[in-house]
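Please examine the sequence and the three-dimensional structure shown below. The paragraphs that follow explain its pockets, one of its helices and some details of its backbone.

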Amino acid sequence: MFLKNELELRKLPPIPEEGNLPDKRRARVLDILQKEIYGERPPAPDFVQSVIEDEGTPADFAGKARLRKIRLTVSVLGGTFSFPFRLVFPTDKMNLPFVVLINFRPDVPDKYLPAEELLDRGIGFASLYYEDVTKDNNDFTDGFAGFLAERGIRCGKISMWAYCASLILDYILENESVDRERLAVAGHSRLGKTALLAGAFDLRFTHVYSNNSGCGGAAIARGKNGETVEKINERYGYWFCEKYKTYAGREAEMPFDQHFLLAAIAPRKIYVASAAADSWADPVSEYLNCAAVSSYYEALGKTGFISADRLPEIGDVFHAGDIGYHLRAGEHYLSRADWNLFLQFFLQ
């Protein structure tokens, strides 16, 4: 009853029913997310071409895998744009679980990307450096943002980065060694928000991993501590659509909240990770969002969020349901401890 009472205090709006048909409900939720928070998602491409810019060497990762740099050229809206990403396939493996990480740097390995740990578990991965798509600023003439602006589409930059994660998945799925039942998209902080949106729109992602994503991500906005709708729009309004700015200081009036975003991922698996000292993201609001969407999962025949009936405590790890969660000690960061806990959930 404790979590139920906590959620009742937040007074969350109900997720649209739309005749109780899962596909129609999801379509309605995605429409709300586009109009109210993230902006219009670009249309599906006409075609995507790929070029290997760097083949890597047999010595990469002690011979366990090759690090390749791939450039995708996308034809959409009557024009083309291109961006690179890094790709690592373990050598001579089949039924590969695969992770697409949307990351802050192009480096592989990276402080947020423990390549050896992933390879030692038999996992392939791609890394998208988000600013290879468009810069993380208010300039909408740059990269993909400029390409879309010329064609009358002004979505937030989170939507652009999420869209390109799906284009990478197109390329990955051309490889028959990939396990279609274990395909994850992952991100930390603003890119944790991006991973959630990528998973919401792309049904091919079977797992979605959001690390410390906070406001506009995995955290409920109503009653949230730390970053609020007003604060995030003051600094990073270009991540979102213009409509989202109108809710500054008016969270209680929003006809949605972030449980809509998690519901759009259902019935696939979600993993939310929090850090105890990350008050800006607010671990309590992230945890409560997992609980808020649990009944939605259960209505779809899934197990939802199986947790203790209390607020989270440092060291909590909840892996039993289709919504996973952990709370570690420490600050806003994507650590190897975070990765290892998510990978336990991903591979179970």
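Predicted model: local features only at pLDDT ≥ 70, side-chain atom pairs only at ≥ 80, totals over all residues.

Helices, of the H or I type with at least four residues, are DSSP runs numbered from the N terminus.

The largest pocket has a volume of about 370 Å³. It is lined by 17 residues, and those closest to its centre are Ile 15, His 259, Ala 292, Ser 295 and Tyr 296. At least two lining residues come from each of the helices H1 (2–10), H10 (283–292) and H11 (294–299). Helix H11 gives the largest share, with five residues. By class, this lining comprises ten nonpolar, three polar and four charged residues.

The second largest pocket has a volume of about 190 Å³. Among the 16 residues that line it, Ser 189, Lys 193, Glu 227, Trp 280 and His 332 are the closest to the centre. Helix H6 (190–201) and helix H7 (229–236) each contribute at least two residues to this lining, and the largest share, three residues, belongs to H7. The lining of the second largest pocket divides into six nonpolar, five polar and five charged residues.

How many of the ten residues of H10 are buried? Nine of them are, so H10 is largely enclosed by the rest of the structure. A residue counts as buried when its relative accessible area is under 20%. The buried residues of H10 include Pro 283, Glu 286, Tyr 287 and Leu 288; Ala 292 is also one of them, and Ala 292 is among the residues closest to the centre of the largest pocket. The elements against which the buried residues of H10 pack are H1, helix H9 (259–263), strand S8 (269–275), H11, strand S9 (317–318) and strand S10 (323–328).

The peptide bond from Val 108 to Pro 109 is cis, with omega near -5 degrees; Pro 109 belongs to the loop between strand S4 (96–103) and helix H3 (115–120). The bond from Ala 266 to Pro 267 is also cis, with omega near 5 degrees, and Pro 267 lies in the loop between H9 and S8.

Two further residues have a positive phi without being glycine. For Asn 95, phi is near 50 degrees; this residue is in the loop between strand S3 (79–90) and S4. For Asp 282, phi is about 75 degrees, and the residue sits in the loop between S8 and H10. Are these residues buried or exposed? Asn 95 is exposed, with a relative accessible area of 57%, whereas Asp 282 is buried, with a value of 5%.

Terms used: Residues numbered from 1 in each chain as written. Heavy atoms only, no water. 1 Å grid on protein atoms, 1.4 Å probe; cavity = no way out; pocket = protein on both sides within 12 Å on 5 of 7 lines; lining within 4 Å. Points joined across faces, edges and corners; volume = space filled by probe spheres on them. Nonpolar A, V, L, I, M, F, W, Y, C, P; charged D, E, K, R; others polar. Buried < 20%, exposed > 50% of the residue type's maximum accessible area, 1.4 Å probe, protein only. Contact = heavy atoms within 4.5 Å.
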